[in-house]
Amino acid sequence: MNTAAPRNVRWVLLGVMLSMFLSTLDNVIVGTAMPTVVGELGGLRQLSWVVSAYTLAMAASTPVWAKLGDLYGRKAFFLAAITVFLLGSGLSGAAGTMNELIAFRVLQGLGAGGMGVGAMAIMGELVAPRERARYAGMSASIVALANVGGPIVGGFITEHLGWRWAFYLNLPVGAIMLIWCQAMLHLSARRKNPKVDYVGAALLMTTTVAIVLVTTWGGTQYAWGSPQVLTALAVSVVGLPLFVWSQTRVPEPIMPLTLFANRNFTLAMVMTVVASIGMFGAVTFLPLFQQTVQGVSVSNSGQLLLPMMVSILVVTQIGGRFRRRSGRYKIYPVLGGAFLTGGCIGLATMDTTTSRLTTAVYMAVVGVGIGFLAQTTMMIAQNSVEMKDMGAASGSATLLRTLGGSFGVALFGALFNAHVAGGAAGADRAPATLGKLPPALRDAYLHSVAAGMQSIFTWAAVLCAIALVAALFIVEVPLRQRGAPAPAPASAPAAQE
C-alpha cells in the first residue's frame, strides 16, 4: 500500500492554498480601503455591509459547496468557486454605487466560501492525516501572511493605485490559480446518481445568515430588542431544529448527523466552536487596547498581532514534524487548550500600566495555543470520517469556526461596550483624539477600556478551558494513511486507549 502522498502534491497544494490566501487577504485589504471607498461612493451608513455581506455569503455557502464537492467531484466545484470569486472581484472593482458594491461582495463571498472549504477538503483527499503534518505549515503560513500583510498591502494599493485595485488585483492572481489547479489537480470522480438536499441547503443557508445577523446587529447596529434583531433571532430559533429534522429525512444530507456519532468528530467540533469564540473575539479587540491604552500608532496596525502570528507559524511547523514522526496527536489539542487558556489569563491581568512587551509575551503564548490547536482539530475531524464525507466534515468545521468567531465578537463587544459606557460615558473613543480630552476624563476612559479588556479575556479563558477539557476526552485513533479506510469510530470499544 502506498502510504505517501503523490510526489507532486506540494506543487498541487501550492495552487490550492493560494485560494485560501486570496479569500483571506481580500477581506483584510477591503477593510483597509473602506474610508476611501466611502469618500468616492458615499453611503457611510452602508459601510459595515461591504464587509458583512462578504462574511455572510461565505459562511452560508460553505457547507453547500462542501457537500456538492462530495457528490459531484471536488475539483469541478473548487474551480467553479474560484470563477465565482473572480467574477465578484471584477464587478466589485467596477461598482458605481455602494449598493452595487454590496451586491457584488455577496458574489465574492459565495466564491470565497467554496474556495476555503474546497482547499481543506482537497488537502484531506490528497494527503492522508499521517502525512498532512508535512504540509500544515503551508496553510498556516499563508493565512498568517494574509492577516499580517493585508493592512500593509491594502494601504499601499489604496494610496498609489486606488481602491478599485483592491479588487482588480485578484484577477491576475486568480487566473494563474485557476489555470494551475485545472492542470495539476487530479481527484476522484463524482458519485453515481447523486441526490442534492435542496431543502436542507436552503434551511442551512437561511439559518446561518440569521445567526450571523443576530450576532452582528445585536447591541451595535440595532438594539437587542429591536424588530430587526428579534426577527433574525426568530428565524434562527425556528430554522435550526427544522434543518436538523430535515437531515434525518434525506439520503444525502448537507451535514450528515451521523458524523456527530463519532466521539472524536464531536469533540473536535466542540473545540473548534469554543476556541473560535475565545480566539476571534479576543483578537478583534487586542489592537484596540494597544492603540488606545498603550499608544501604538494606528499606522502600525498590521504589525500589532505579529508576536501571535510568528508563534503560530513556529509551533505549526514544529508540532507538524513531531506529529508526522510519531503518529500521535492527542497531546497537541491538550497543549493548545492549555496555552490558549494561560495566554488569555495573562491578557486578563492587563491594565493601564501593562507594557507592550508584556502584552507581546501574552500574545505569543496565545499564538502557541492556536498553533497547536487549529490544525489538529481539522485533522481529527477529517481522520474521523470516510473519504466520501471529507467535504461535509471540512464544511462543518469551517462553518462552526465562522459562527464561533461571530459569536465571540458579539459577546465580547457587548462586554466591552458595557464597561466603557459605564466607566466613561460620552468620552470620545477615537484613539487619535484621546489627547484632546481633559486628563480626568481621559484617565477614566483608559481605565474603563482596560476593565473591558479584562472582562473579555477572563471569559475567553473560561471558553478556552472548555476546549482544554474537550481535548482531554479525545481518543487517540491511529491516523489514517494514504489508501487506508477510515478508522473505526472513536466511540467503539476497540478504539479506547
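Q: What makes a residue in this predicted model count as buried, and where does Cys181 fall?
A: Buried means a relative accessible area under 20%. Cys181 has a relative accessible area of 0%, so Cys181 is buried.

Q: Why is Cys344 called buried?
A: The relative accessible area of Cys344 is 3%. The cut-off is under 20%, therefore Cys344 is buried.

Q: How do you know that Cys344 is in no disulfide, and how many disulfides does the whole structure hold?
A: A search of the whole structure finds 0 disulfides. For Cys344, the nearest cysteine sulfur is that of Cys464, 4.2 Å away. A disulfide needs the two sulfur atoms within 2.5 Å, so Cys344 is in no disulfide.

Q: Why does Ser384 count as buried, and where is Ser384 found?
A: Ser384 is found in the loop between α13 (356-383) and α14 (390-423). Its relative accessibility is 14%. Since buried means under 20%, Ser384 counts as buried.

Q: Why is Met453 called buried, and which residues does Met453 touch?
A: Met453 lies in helix α15 (residues 439-472). With a relative accessible area of 0% against a limit of under 20%, Met453 is therefore buried. Not counting residues up to four places away in sequence, Met453 touches Phe285, Leu288, Phe289 and Phe416. Phe412 is 41 residues from Met453 along the chain, and their C-alpha atoms are separated by 8.7 Å.

Q: How do α8 and α9 pack, and what is the handedness of the crossing?
A: Helix α8 (residues 198-217) and helix α9 (residues 227-246) pack at an angle of about 145°, with axes 8 Å apart. The crossing of α8 past α9 is left-handed. Residues making the contact include Leu203, Leu204 and Trp217 of α8, and Leu233, Gly239 and Phe243 of α9.

Q: How do the residues of the contact of α8 with α9 divide, and what makes Gly count as polar or nonpolar there?
A: The residues of this contact divide into 14 nonpolar, 7 polar and no charged.

Conventions:
Residues numbered from 1 in each chain as written. Predicted model: local features only at pLDDT ≥ 70, side-chain atom pairs only at ≥ 80, totals over all residues. Heavy atoms only, no water. Buried < 20%, exposed > 50% of the residue type's maximum accessible area, 1.4 Å probe, protein only. Helix = DSSP H or I, 4+ residues; strand = E, 2+ residues; numbered from the N terminus. Axes fitted to C-alpha atoms, helices over the stretch in contact; angles between N-to-C directions. Left-handed = near helix turned anticlockwise from the far one by under 90°. Contact = heavy atoms within 4.5 Å. Nonpolar A, V, L, I, M, F, W, Y, C, P; charged D, E, K, R; others polar.
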